Amino acid sequence: MPESTKELYTEEITLNMGPQHPSTHGVYRGILTMDGEYVVGVENVIGYLHRGLEKIAENRTYTQFIPYTDRLDYLSAMLNNLGYVQAVEKLMGIEVPERAEYLRIIMAELQRMASHMVFVASFALDLSGWTGWMYPFRDRERILDLFEMASGSRLTTSYLRIGGVAEDVPEEFWPALKALLADLPRCFEEYDGLITGNEIFQARTKGIGILDVATALAYGVTGPNLRAAGLAFDLRKARPYGIYSRFDFEIPTGQNGDSFDRFVVRIQEMRQSLRIIEQAVREIPAGPVRAKLPKVLRPPKGEVYHQIEGSKGILGFYLVSDGSTRPYRLHIRGPSFVNLGAFPLMVKGGTIQDLVSTLASIDIVLGEVDR
Amino acid sequence: MRVEPQALTARLQEKYGPAIEVLPDPTVTTILVPPERLPAIAAELAESFNLLLDLTAVDWPEYFEVVYFLWSVPEAEELRLKVRLPKDRPEVSSVSACWPAALCLEREAYDLLGIVFRGHPDLRRILCPDDFVGHPLRKDFALAQADRWEEGPPAR
Amino acid sequence: MASVETVFLSGDQWLKNWLFSWGMPESWVFLCTVVVYAVAVLLFVFANVIFLVYLERKVAGYMQQRLGPNRVGPGGIFQCVADALKLLGKEDIIPASADRGLFRLASLLIFIPATMLFVVIPFGREMIVADLNVGLLYFIAVGSTATIAVLMGGWSANNKYSLLGSMRAVAQMISYEIPLAFSLLGVIMLAGSLRMSEIVAAQKDLWFVVLQPVAFITYFIAATAELNRGPFDLPEGEQEIIAGPFVEYSGMRYALFFLAEYANLVSVSALAVTLFFGGWQGPWLPSWLWFVIKVYFMIFLFMWVKWTFPRIRVDHLMGLAWKFLLPVSLVNVFVTGTAIKLFQAMGW
């Protein structure tokens, strides 16, 4: 070959990453085009966990669908419950008792922290920070214990009901919660000391996977990923649902929209969640936890779109009723699904190691991507 | 451009005629747009509504309804856009040029409901396997259908 | 105490006498003792590897607020025995598209240099298999041949992840070989010899780690990279290229790579002790016990680093070797040389 003698012959390789791969956070599959260690292009391949939840919803009553929402983003079952039951309540115009509203806030913010702890842990692990993996999981365990006290289940809680919550929390819940709240600030400092401040961690995440505000909005990226780019857009402030308007908290934002900012924003968000819970625990009134509702729910004809600030971004439920006991159509906006759409853009030109860290930094859960 | 929904719809009606219809909805301003007007209106709306939060479709007995959920983040305003498509030929222009978020959302609507988005750069199935037959979220999709794949069910 | 000190030496003497009493010619006795030495070294390596795997998991466990293995035997001490038995019993899978010959050879080849390194390590007073006059050179030369086996394994598996991993391994090992060798140069200049026993003897009054702290740090970083241990475990890179060159290996073949990795950990720590921490020298305790204590201290340092830091990125890795470690080690050689000349001129 005379051509190859002139210059070294190189070619791009196609690398199939996933659906079985240690750091694709489930069954994500990317078809990477690589120039040596550098990523030239990525094609997302998803759907390996598609269960047709939207179709299932059309064949279940409104109440029967609650347990299915646990399986959407299986790291934030409480938040999914919240989005769904509030959508139904909005459709039917149901008033929720005060105590139930407060319990919902406490559970939702605990769940947000638990989800962010998994993020912090798995982000550290994807950079090979094995020790960083264990510390957040130690603390998440205590949150899951609280969920177990309240609902009998740790991950798939199904604790929220249309018109309230399943039942009031037991006696031993409150001392355990207060002990956890007292310990958490020290735990967050440990994450900062072990991971955020680490020289190698910063070198690997600063300036990597940059997503600016305009691009993020164009691609529909929401939640901590958008806030890391510098836009303080949080539905809890922009369009308060439930009783969020009563609480005093801030929206942490980043500046550069890189992986490091996405990490720091989430740690800050955990601190804000802690503030919200502390206020809720102080103010929670006594009283019933479930509204009086008929046995069979038959919402009026109509449609409603309810969006909440999930742990990964805006979680939306589009509920269409034809007046029967089952939804005519339910559409779920999984934030991870939309966020993943911007992923190929963010990793072009980086190394395969940057790709792994960026994928970890946008925090996807495949249960929600594939639905 | 102010994004106050009432003023906006009035302006749109003035510009594109009475074909722009405001649907009654207690929660958010909802506009019904004729499919052929969608590209122009989308381009105009994209200037102020910078976030396409969601896009989906509903299979009604008489027509398919494609729903666009728009947000203006700086003004915290919402707008819902609807397009009705005939059952026999559910085709509409893609809005992925205005909002790249539609790239994956339109693929999903195509996959699950069979809505064809003209001008979408890569309209393939996204959640179902490539050789899947039918569109599961259509009301006429038989749940107990034996043959879901072109070459029969996968070997066990 | 003297008997404990010389227990191995007297055992050796007893063996020789016993063989002579059978009326063996001297060359045969020599051959027999060499075989015994080889078996002893292998046993030492195997015993250490088994224990190190256990130790690593315990150290990692306690650093991560968990217990580590604690079910098999007291404190989980037999966990690694159970693991080894499991690996032995596993099917040896060779991918259909692999180059079978190379694939098999690589797993054996990786283990040979790992054990050969122990030949020049002084385990205690007069306890060295072969006290070569080029001992240190031998160590570096033999140690670097492991790269070939890693490349062989990664290439022959015919898997893209393996290929990426073995390419990383070659780039990394060649880059870090240079600062490693330069960092040792300072010690050689002070000792004036490549012979291990003389290097140890030269540290009778003062450990070289005091005289050569920069060299020690350079050696430590470069050796971590040579060992493919975290934060320099790029060739394995579990999170991005799964296990790199070893991705297609299973069962005992995989265990051989594993074994070699931990054997290298022992030998590199042993070299560090020999060059910087006075080797087997120490008060009160027998020399070989001092040696083992010091080696395990070094190993603990390596583990501490691994379980604290995330993995470095591939371009930063090269930058660190060429732009930082190499200049620093060169400056260290220059400063050492100047200092030696100065002191000589001043007649110290």
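Tutor: Let's start with a word we'll need: contact means heavy atoms within 4.5 Å. This is a predicted model, where local features need pLDDT of at least 70, side-chain atom pairs count only at pLDDT 80 or more, and totals for chains, interfaces and linings use all residues. Residues are numbered from 1 along each chain as its sequence is written, chains are lettered from A and ligands numbered from 1 in the order in which they are written, and side-chain values use heavy atoms, with hydrogens and water left out.

Student: Okay, which chains share the most contacts?

Tutor: Chains A and B do, out of the two pairs of chains in contact. Chain B brings 43 residues to that contact and chain A brings 35.

Student: How do you know that chain B and chain C do not touch?

Tutor: Check the distance: their nearest C-alpha atoms are 23 Å apart. Contact asks for heavy atoms within 4.5 Å, and chains B and C do not touch.

Student: What is the area buried between chain B and chain A?

Tutor: About 3,300 Å², with carbon and sulfur atoms giving 60% of it. Buried area is the accessible area (1.4 Å probe) that two parts lose on being put together, summed over both. On the chain B side, L53(B), L127(B) and L137(B) supply 18% of the area buried against chain A, more than any other three residues.

Student: Why is the pair R371(A) and E108(B) called a salt bridge?

Tutor: The rule wants a side-chain nitrogen of Lys or Arg within 4 Å of a carboxyl oxygen of Asp or Glu. R371(A) and E108(B) meet at 3.0 Å, N to O, so the pair passes.

Student: What makes up the side of chain B that touches chain A?

Tutor: By class, there are 28 nonpolar, three polar and twelve charged residues. Here Ala, Val, Leu, Ile, Met, Phe, Trp, Tyr, Cys and Pro count as nonpolar, Asp, Glu, Lys and Arg as charged, and the others, Gly among them, as polar.

Student: And how many residues does the contact between chain A and chain C take?

Tutor: It takes 32 from chain A and 26 from chain C. Those two chains bury about 2,700 Å² between them, 56% of it on carbon and sulfur atoms. W130(A), I200(A) and Q353(A) lose the most area on the chain A side, together 22% of what that side buries.

Student: What makes D354(A) and R313(C) a salt bridge?

Tutor: Their closest N and O atoms are 3.2 Å apart, and the cut-off is 4 Å, so they qualify. It's one of two salt bridges across the interface of chain A and chain C.

Student: Back to chain B: which residues of helix α2 are buried?

Tutor: In α2 (residues 38-46) of chain B, they are L38(B), I41(B), A42(B), E44(B) and L45(B). Buried means under 20% relative accessible area, exposed over 50%, partly exposed in between (1.4 Å probe, protein chains only). Helices (H or I, at least four residues) and strands (E, at least two) are DSSP runs, numbered from the N terminus.

Student: How do you know that they are on the same side of α2(B)?

Tutor: They cover an arc of only 165° around the axis, which puts them on the same side of α2(B). The arc is that of the directions from the helix axis to the C-beta atoms.

Student: And how many helices and strands does chain B have?

Tutor: Three helices and seven strands. Of its 156 residues, 55% count as buried.
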